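Welcome! Let's take a walk through this structure together, one region at a time.

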Amino acid sequence: MDETRGRITRDGIRIHEDADFAGMAAAGRVAAEILDLIGPLVSPGVTTGALDDFITQEVARRGVISATIGYKGYRHASCISVNHVVCHGIPGPKTLKDGDILNIDVTVIVDGWFGDTSRMYVAGDLPRKSGRLIQVTHDALMKGIEAVRPGNTFGDIGHAIQTYVEAQRMSVVRDFCGHGLGRVFHAPPNVLHYGRPGTAAVLEEGMFFTIEPMVNLGRPETKVLADDWTAVTRDKSLSAQFEHSVGVTATGCEVFTLSPAGLFHPTQGRAD
């Protein structure tokens, strides 16, 4: 398939063709299936490295490619961000404790298309404060997705997320954003999770991008640790994130990374 087909907007955003939606849906489904399978393994006493090992094995078993292994020197098939880690947490020997919350982010390449998604998990019992943060973050993503339709703007998406989160007395991280994707991992536009209605580029049918709000219980400021990957909240408050990859359709959007098992929210499918 020709990677250069489809036009580019004045903002540098690629407009994909109708046939390209199937490729993105296939890639998104594989990524979502892997995240469905990891859920039962998330428990106190398990290391984040062991979770990443399982994801690496699943990627290999399915005959697809990890987009993150080798990306700018990164060596893992996932990012796993625990508690006050905002994003890009590196899997390793850290052992999960009861009540820990974590985001697991997986991107795979299937027939040249990138499927990128993340969701929250809980090790053991979910503390009430953490549960509220997770719910608000999940709902904020859905508010952003609801704003995706031709004629709206990226500012409309950010505004929908920001106003909802701040009404819950939480904060939206400004230092990281969503991004365009398709047959590349990162492309224009930057998808901000805050903003003013009617600003930034206008949405058009055929645009593919991620929406992935990071929400903090405290202030929005972050810092990157000495490993040059791990981003944490400056005030050490808890942080949560959910991510979907979407494509703009004629009437709204298609979410490419829906959970096949209906497990996108961490309390779905739990006996408690």
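Leaving aside its neighbours within four places in sequence, which residues is Phe154 in contact with? They are Ile13, Pro189, Val191, Thr199, Ala200, Ala201, Leu203, Met207 and Phe209, where contact means heavy atoms within 4.5 Å. A word on the model: it is predicted, with local features needing pLDDT of at least 70 and side-chain atom pairs pLDDT 80 or more, while totals for chains, interfaces and linings use all residues. Residues are numbered from 1 along each chain as its sequence is written, and side-chain values use heavy atoms, leaving out hydrogens and water.

Phe154 also belongs to the largest nonpolar core, which has 35 residues. Such a core is a set of buried Ala, Val, Leu, Ile, Met, Phe, Trp, Tyr and Cys residues joined through side-chain atoms within 4.5 Å; buried means under 20% relative accessible area (1.4 Å probe, protein chains only). Along with Phe154, the members that touch the most others are Ile157, Val165, Met207, Phe209 and Ile211. A second, separate core of 33 residues includes Ala77, Leu102, Trp113 and Phe208.

Now find the helices α1 (residues 20–38) and α2 (residues 48–61), whose axes come within 10 Å and cross at roughly 140°. Helices are DSSP runs of H or I with at least four residues, strands are runs of E with at least two, and both are numbered from the N terminus. Axes are lines fitted to C-alpha atoms, for helices over the stretch in contact, and angles run from 0 to 180 degrees between N-to-C directions. Angles under 35 degrees count as roughly parallel, over 145 as roughly antiparallel, 65 to 115 as roughly perpendicular and the rest as oblique, so α1 and α2 are oblique to each other.

Methods. Buried means under 20% relative accessible area, exposed over 50%, partly exposed in between (1.4 Å probe, protein chains only).
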